[in-house]
Amino acid sequence: ELWRVASGKEADASMVKRMVESIPKIDTTDVATRSAEKHAELEVDAEKGAHVKAYASGQKVADFWVGKAAAGGSYVRTDDAVYIAKQVYASTFSREASAWLQRKLFDAKIADVTKVTVQRAGAAPYTLINTDNTWDLEDASVLPKGFCSDKHQARSPASALVTARGK
């Protein structure tokens with residue numbers, strides 16, 4: 001499923017999935033307070049809390065605030081009741097919009113990459129090839145006399161490419 005941030009840019013689907021799947025798992029009966037005066041202290045207010053609203057088919061299905069850490073989780077407020085919710089963390093919800101962006105540069109898996117050519121400034125290009133999941137130089141004659149290629153190192157450039165992420 002494709003998720004987008006408000007600007008229209010593609011969101012990191014795995015991060016969104018973790019957040020969305022965590023919402024129905026919030027389950028607690030441990031009331032910490034019903035006092036509105038405690039909201040700021042527990043960081044479940046507009047100044048420091050993460051306000052989460054979830055919708056399904058255009059209907060709001062959840063509306064809560066996640067605050068500071070509590071024993072094994074965080075403080076969570078719905079209306080004026082503040083609970084200690086286990087396994088709920090503000091970091092799951094409270095991120096800058098840019099932190100939700102899909103940052104993967106290339107949409108490929110290492111097993112799908114068959115060839116990588118590298119051209120370094122001032123040096124002759126070389127090509128690495130993947131044959132039956134084993135990486136090696138396509139032309140070993142580019143190596144200095146007496147050297148042999150390291151198949152584990154030969155995999156590194158392709159691996160770096162498929163895992164590359166932007167900032």
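T127 sits in strand β7, which covers residues 126–131. Keep in mind that this is a predicted model.

Is T127 buried or exposed? Its relative accessible area is 14%. The cut-off for buried is under 20%, so T127 counts as buried.

What does the side chain of T127 contact? It makes a polar contact with the side chain of T117, at 3.0 Å.

Rolling a probe the size of a water molecule over the atoms shows where empty space is left.

The largest pocket has a volume of about 540 Å³. It is lined by 21 residues, and W3, V16, M19, V20 and K53 are the closest to its centre. Helix α1 (13–22) and strand β2 (50–56) each supply at least two lining residues. β2 gives the most, with six. By class, this lining has 17 nonpolar residues, one polar and three charged.

On to the second largest pocket. It holds about 200 Å³ of space. Strand β7 comes back here: β7 and α3 (151–163) each supply at least two residues of the lining. The largest share is from α3, with three residues. Among the lining residues are Y126, L128, L137, C148 and P157.

Methods
Residues numbered from 1 in each chain as written. Predicted model: local features only at pLDDT ≥ 70, side-chain atom pairs only at ≥ 80, totals over all residues. Heavy atoms only, no water. Helix = DSSP H or I, 4+ residues; strand = E, 2+ residues; numbered from the N terminus. Buried < 20%, exposed > 50% of the residue type's maximum accessible area, 1.4 Å probe, protein only. Polar contact = N/O pair within 3.5 Å; in protein donor to acceptor, adjacent residues only side chain to side chain. 1 Å grid on protein atoms, 1.4 Å probe; cavity = no way out; pocket = protein on both sides within 12 Å on 5 of 7 lines; lining within 4 Å. Points joined across faces, edges and corners; volume = space filled by probe spheres on them. Nonpolar A, V, L, I, M, F, W, Y, C, P; charged D, E, K, R; others polar.
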